[in-house]
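Hello,

Here is the structure I promised to hand over. Please open it first, then read my notes below.

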Amino acid sequence: MEISAIEDLKIIPDVVQPYPDPSVGREGVIVIDNGSFNCRVGWMLKEKPALIFRNLLAKPRKDRTKKDIDVATVPITQIGNDIVNIEAMRLQLRTQFDRNVVTHYNVQEQIFDYIFAKLGINSENGVPHKVMITECLFNPNYCRSLMSELLFECYDIPGLSYGVDSLLSYYSNQRPRNGLIIATGYHTTHVVPVMNGRIVVENIRRINIGGSNMIAFLHRCLQLKYTFHINAITLSRSEVLLHKYGEFAYDYMEALQNWASLEYYDRNVKKIQLPFNQTTANPTLTTEQKFEKKKELSRRLVEINARRREERLAQDEELLVQLQQLEETADDGDDIREGLAEHSLKDVGELRRMISTVNSRVDKTRQKMNAPTATSSQQIQSDADKLLQPPPNMTVAEWVEETRRKRDAIIDKRQARRQRKQDLAKRRTAAAQERMRIISHLARKEKGSDDFGMRDEDWDVYKQISRDEDSDNENESERLLECEIILKQYDATYEDPLLTMAGNAAELYQLHVGVERIRAPEILFQPSIIGSYEAGLSETIDFVLKLFPANQRSCLVENIFLTGGCAQIRGLKERLSREMREMLPFEARFDIEIARDPVLDAWNGASKFCLTETFRQSLITRPLYEECGGEYIKEHVNGNVYFPTPKIADDQEIS
């Protein structure tokens with residue numbers, strides 16, 4: 001299975017364009033496709049827009065902690081492609097849109113400043129060019145009024161015309177006069193019927209599902225699936241994954257059954273490698289480097305064991321001194337019952353036996369510590385160089401197999417101990433209750449007494465338990481090291497865990513994008529997946545078609561036009577063909593086409609529209625703006641229908 005590296009958004013800052021452009025002149029029209037996701041800006045007659053950037057603004061907050069500075073520093077506002085790292089500024093991003101309607105005109109003004117500055121227009125008296133700008137379907141008159149006021153009053157443009165992006169894309173592709181436009185946007189999806197070249201206003205329907213919902217749903221699914229990488233799975237990366245690997249399922253329920261099959265999953269899953277820091281050993285170590293590393297590990301283990309022996313020796317010597325002082329007190333005839341009770345002893349005979357046991361333990365520890373003192377380095381060297389031999393009654397293969405079983409048993413015991421420690425940390429587990437029962441049994445001085453913990457010496461029980469666990473860990477480490485040395489020398493299939501850790505780390509930082517590829521786009525047809533009560537795209541199309549008589553319905557379905565950013569996702573045309581085949585009569589004819597460029601065709605259509613006589617007739621000049629108000633527009637085939645705002649009667653104003 002091929003593993004692909006995660007792709008981040010590559011944003012290149014925009015450069016200032018030469019002005020005036022010789023190919024356009026000073027009479028050129030500025031074309032602005034003001035989308036809620038991307039903004040595309042350029043001059044008419046151009047093949048492509050000069051600027052394409054995210055319609056976002058990032059303004060860092062003022063640092064209120066720096067009160068000693070006399071001159072307040074104004075944070076630098078970043079706009080569009082100046083925001084190189086969007087995720088770093090995610091909490092400071094602002095947009096002028098509320099869904100697909102422009103409502104924040106202070107942000108829109110800064111976006112316009114960015115546009116005109118990058119186009120090279122730095123005239124102090126305003127912008128001496130006509131503007132063709134897109135707006136959403138059924139844009140409220142109040143919002144259009146504020147947009148016109150901003151462009152005329154702030155930038156003093158000579159003329160303005162509005163158009164709808166989906167209709168301009170339809171115009172750019174030169175579609176027939178009758179058709180059904182499916183405009184898939186970033187926040188909304190519109191079903192727009194067109195009859196005789198004009199939109200049928202009363203039959204247009206909107207679905208509040210778009211690309212942003214798909215990205216957010218995919219982002220959440222991956223975060224819930226890989227909680228360990230919740231910070232590495234960002235909205236920007238989810239956006240890239242959706243457009244690169246997302247697809248509409250031809251039959252969603254059948255696709256879910258296919259993804260439940262392990263063979264289908266292995267064939268179609270996409271493995272994405274997240275970035276990670278490799279801090280493990282180099283897998284390409286030479287034999288000499290491996291040998292030196294093994295000696296270093298052996299030396300380190302010997303030092304750890306020596307330090308633990310010194311700690312235990314100091315504790316035993318301190319205990320021995322206390323016991324010997326207690327014995328001398330007993331020889332003098334004094335009462336030592338409190339001292340015996342402190343050490344959990346019954347009589348003087350048990351005291352002497354304990355002194356003998358501790359004394360022998362101290363002597364053995366001292367002998368073990370003093371034996372390798374003179375030749376510790378030589379011993380480590382000889383132990384590392386020595387080739388261990390199998391017992392005389394076993395072959396090499398049997399010895400290796402027995403050693404492997406011992407190593408697995410030690411590892412299993414360690415894992416069980418680790419799990420036991422986790423259980424002991426919880427009060428209500430069976431392991432924790434059993435441990436408390438054993439401790440209370442060991443600490444009980446008299447039958448029926450329950451005063452454990454009232455005296456300081458009661459806590460010596462915990463010290464004894466911890467000392468026994470440390471001794472077990474030390475012995476296990478020595479046996480495990482011996483088993484690994486044997487397997488390295490005699491077992492050719494043995495892999496050093498230190499050397500294989502790098503590959504395991506890479507696997508831990510992988511995303512397996514499987515059923516999420518079809519689940520995220522599916523919300524366009526089934527909004528109930530994300531808890532929305534709206535109808536899906538196929539139900540909305542069926543509802544719109546039933547608003548027309550049969551003869552007009554056949555004209556509409558013979559020209560179904562898909563445009564917008566979501567139209568780029570694979571499988572939309574095939575899925576919609578299946579849905580249309582189910583809702584239309586048997587053997588009914590229909591045709592579905594996708595825009596040549598679903599993203600740029602709206603700008604291309606607006607650029608072509610600027611060359612027509614209809615554009616010149618639809619221009620709103622400064623005198624017309626002052627006479628009719630900012631909400632007024634001249635209707636044309638590629639724009640909205642104008643509905644004047646009702647005027648309030650005089651008697652209603654008084655009341």
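**Aromatic rings**

Phe112, Phe116 and Tyr155 form one aromatic cluster. This is a predicted model: local features need pLDDT of at least 70, side-chain atom pairs count only at pLDDT 80 or more, and totals for chains, interfaces and linings use all residues. Residues are numbered from 1 along each chain as its sequence is written, and side-chain values use heavy atoms, with hydrogens and water left out.

Rings of Phe, Tyr and Trp (its six-membered ring) pair if their centres lie within 6.5 Å; planes under 30 degrees apart count as stacked, over 60 as edge-to-face and the rest as tilted. By this rule there are 16 aromatic pairs. One of them joins tryptophan 259 and tyrosine 264. That pair is edge-to-face, with 5.2 Å centre to centre and 90° between the planes. Tryptophan 259 is buried, because its relative accessibility is 10%. Tyrosine 264, at 23%, is partly exposed. (Buried means under 20% relative accessible area, exposed over 50%, partly exposed in between, with a 1.4 Å probe and protein chains only.)

Phenylalanine 276 and tyrosine 509 are stacked, with 5.4 Å between centres and 20° between the planes. This pair links distant parts of the chain, 233 residues apart. Phenylalanine 276 lies in the loop between strand 16 (270-273) and helix 8 (287-331). Tyrosine 509 lies in the loop between helix 15 (497-508) and strand 17 (510-513). Helices (H or I, at least four residues) and strands (E, at least two) are DSSP runs, numbered from the N terminus.

**Arginine 575**

Arginine 575 is in helix 19 (residues 572-583). Is arginine 575 buried or exposed? It counts as buried, because its relative accessibility is 4%. Its side chain reaches the backbone oxygen of alanine 249 at 2.9 Å. The charged end of arginine 575 also sits over the ring of phenylalanine 525, 4.4 Å from its centre. Arginine 578 has its charged end over the ring of tyrosine 250, 5.9 Å from the centre. (A charge sits over a ring if NZ of Lys or CZ of Arg is within 6 Å of the ring centre and within 35 degrees of the ring normal.)

**Two helices**

Helix 3 (residues 165-172) and helix 20 (residues 601-609) pack at about 75°, with their axes 7 Å apart. Axes are lines fitted to C-alpha atoms, for helices over the stretch in contact (heavy atoms within 4.5 Å), and angles run from 0 to 180 degrees between N-to-C directions. Helix 3 and helix 20 are therefore roughly perpendicular (65 to 115 degrees).

Best wishes

Key:
Polar contact = N/O pair within 3.5 Å; in protein donor to acceptor, adjacent residues only side chain to side chain. Parallel < 35°, antiparallel > 145°, perpendicular 65-115°, else oblique.
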